[in-house]
Amino acid sequence: MTGLPWDASYQDGPAPWDVGRPQQAIVRLGAAGRFAGAVLDAGCGSGENALHVAALGFSVLGVDVAETALVHARTKAAERGTDVEFIAADALQLELLRRTFETVLDSGLFHSFDANERPAYAASLASVTEHGGTLYVLCFSDDGPDTGPHPVSRNELYTAFDGGGWRIATIEADRIETRFHDNGAPAWLATINRI
């Protein structure tokens, strides 16, 4: 997967999903003590979620295909004195990282994949998530008015993570903050266990 289309989103100012702070759903997960061990932020963008989790004391790797986003993320990490590793990687080939993580975070990436790409993405995530580990997926929901682009149904999450080494623990209604939604767009926050 080439990063060029995604990279263009960051070249003329912040991307529509880059709100300059971590998503509130991620902040709540951190406050509730839901992160553990080494953490992977798949599709980290300009790094706000990864930086937040690292500030809580976790070892964090952020990956994205957009080089410009990674440059922004590394600059923020240096300015804040926060130790986070940011590298270019394809979310459909995470096994190439040759690393595993106890917690994996997907904030706004899952809904960008077509239905035919999602099984490969779920398998890619499984390749880097430790058995007994946890995946958190925050994605646009199809439930409610003013949905974001590429909204996902609850059933689509179940279809993607039904089997293949995964078990869905919960799917809860939440919000994704964007530059175009005053109070965020309808979202699902899924907690998915690697078995």
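Where is the place of Glu48? I found Glu48 in helix α3; helices here are DSSP runs of H or I with at least four residues, strands are runs of E with at least two, and both are numbered from the N terminus.

**Ground rules.** I am working on a predicted model, where local features need pLDDT of at least 70 and side-chain atom pairs count only at pLDDT 80 or more, while totals for chains, interfaces and linings use all residues. Residues are numbered from 1 along each chain as its sequence is written, and side-chain values use heavy atoms, with hydrogens and water left out.

I looked up the accessibility of Glu48 next: at 8% it counts as buried (buried is under 20% relative accessible area, exposed over 50%, partly exposed in between, with a 1.4 Å probe and protein chains only). Leaving aside neighbours within four places in sequence, Glu48 is in contact with Gly20, Arg21, Pro22, Lys76 and Arg80, where contact means heavy atoms within 4.5 Å.

Then I checked the whole of α3, residues 48–55. Six of its eight residues are buried, so the helix is largely enclosed by the rest of the structure. Besides Glu48, I noted Asn49, Ala50, Leu51, Val53 and Ala54 as buried. The buried residues of α3 pack against α2 (24–31), β1 (39–42), β2 (60–64), α4 (67–80), β3 (85–88) and β4 (101–107). Just after the helix, Gly57 takes a positive phi of about 105°.

**Overall layout.** I counted six helices and seven strands. From the N terminus on, they run α-α-β-α-β-α-β-β-α-β-α-β-β. The radius of gyration is 15 Å, close to the 16 Å of the globule rule for 195 residues, so the protein is as compact as a globular protein of that length (C-alpha atoms are used, and the rule is 2.2 Å times the number of residues to the power 0.38). Along the principal axes, the C-alpha atoms fill a box of roughly 40 × 40 × 35 Å. Of the 195 residues, 51% count as buried. Among contacts with a separation of 6 or more, 70% come from residues 24 or more positions apart.

**Cores.** Which residues touch the most other members of the largest nonpolar core? I got Leu40, Leu97, Phe110, Leu125, Val137, Leu157 and Phe161, out of 31 residues. A core here is a set of buried Ala, Val, Leu, Ile, Met, Phe, Trp, Tyr and Cys residues joined through side-chain atoms within 4.5 Å. Elements giving two or more residues to this core include α5 (118–126), β5 (129–140), α6 (154–160), β6 (166–178) and β7 (181–194). Helix α5 gives the most, with four residues.

A second, separate core of 24 residues includes Ala50, Leu138, Ala187 and Leu189.

**Around α5.** I listed the buried residues of α5 as Arg118, Tyr121, Ala122, Ser124, Leu125 and Ala126. They pack against β1, β4, β5, α6, β6 and β7. In the loop between β4 and α5 I found Ala115, which is exposed at 55% relative accessible area.
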